[in-house]
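Student: Could we take a close look at one part of this structure together? I am new to it and would like a guided tour.

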Amino acid sequence: MNVFLSLSYLDPVNTSITDNATLVQCPIKLPLASWDSSSFEAAAKVSTLVAVTVNFITMPFTIFFNALIIFLVWKNPSLQIERVIVLAYLALADLMVGLLCQPLFIARGVSQLKTNSMNCDINNGYISSQFFFGITASIQLALVTYERYVAIIHPYQYPTRITVKRLTYATIVIWSLNMTVSILLFALLAFGEDIWYIDILYIPLGIFLTSAMVYWYVCIFVAIRRQRKIGQQQQNVNMNNVHTQQNYKGAITAALLLGCFLVSLIPLLCTFLLKRVLGSGFSNSVFLFLRPWGLTFVQLASFINPIIYGLRVRELRRKCFQLVFRIQH
């Protein structure tokens, strides 16, 4: 849901930039947020500088951790199983955040700090990449959630409903459709079309996906709790407990990913709601102060995600340690 808010949040409605008394219009005009160099005061500059620094520090780790997950899955056939491959596809989307979104965010922030104005090319590149890869990562996370839901709630249907081939096809469809919609959307924006209806399309979709993920996890934990109670009442307690513990650990890992996703939305959502509710009463200076952190928290999720499942998924953790040991020797 992060970038389901982004077209109303990322950047200028009236993308007019005052630079040496010359008015420049960026080709892409987005609703809600207006850029005004006079509003870029000391507090906003400090906020932007700190956010740029945080992204500069975490960017190489975002790239490395996600690339490592993808490499391990690619090189080890034993990891090319459903519950791991779906995480690798999420890592691919997060990798692109580190390769494109964070560098462009840094470049945009540095440009603002140096010139006190908005660079349209960098700004539009950042909006496009954040919109595309942010939505892709959100849908991939929903796919991770659904995989765990089927594994625990419908275990007998899992071998037919969830396969590596189906997960691969689903990922290709997600990326293809999202790319098509993104290109069409930004083509309309570039030609100056009014896309007021974007909130009507994307915010309900974001709410639907988030609600579906929360619902799946409620079902998962209710089922696990029931399984553990049944296991304690049966004679083969050990076998039931082992199976239940495996499901429980996998569910906790996926729940941590969902929790990271929801927490990353809090600054963005709060700023979005304040801007919507207060309208012109919401100071542009305050908006420029808060905006970098709404976007930074979203991008930090791509840094934290591979750490979560890299440490909690035993097969990934073991292969990672084996790789490090080989390199050292």
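Student: Over residues 251-274, what percentage of the chain is helix, what percentage is strand, and how far apart are the end C-alpha atoms?

Tutor: Happy to show you, and please keep in mind that this is a predicted model. Residues 251-274 are 100% helix and 0% strand, with 34 Å between the end C-alpha atoms. The unreviewed UniProt entry lists this stretch under "transmembrane region", along with others including 286-309.

The largest nonpolar core has 63 residues, and Leu-257, Tyr-309 and Leu-316 are the ones with the most contacts inside it. Among the elements giving two or more residues to this core are helix H7 (237-278), helix H8 (284-312) and helix H9 (314-328). The top contributor is H2, with 13 residues.

Finally, consider how H8 sits against H1. Their axes come within 9 Å and cross at roughly 20°. Angles under 35 degrees count as roughly parallel, so H1 and H8 are roughly parallel to each other. The crossing of H1 and H8 is left-handed.

Key
Residues are numbered from 1 along each chain as its sequence is written. This is a predicted model: local features need pLDDT of at least 70, side-chain atom pairs count only at pLDDT 80 or more; totals for chains, interfaces and linings use all residues. Side-chain values use heavy atoms; hydrogens and water are left out. UniProt positions are given in the numbering used here, feature names are shortened, and annotations may be inferred rather than shown by experiment. Helices (H or I, at least four residues) and strands (E, at least two) are DSSP runs, numbered from the N terminus. A nonpolar core is a set of buried Ala, Val, Leu, Ile, Met, Phe, Trp, Tyr and Cys residues joined through side-chain atoms within 4.5 Å. Buried means under 20% relative accessible area, exposed over 50%, partly exposed in between (1.4 Å probe, protein chains only). Axes are lines fitted to C-alpha atoms, for helices over the stretch in contact, and angles run from 0 to 180 degrees between N-to-C directions. Angles under 35 degrees count as roughly parallel, over 145 as roughly antiparallel, 65 to 115 as roughly perpendicular and the rest as oblique. A crossing is left-handed if the near helix is turned anticlockwise from the far one by less than a right angle, and right-handed if clockwise.
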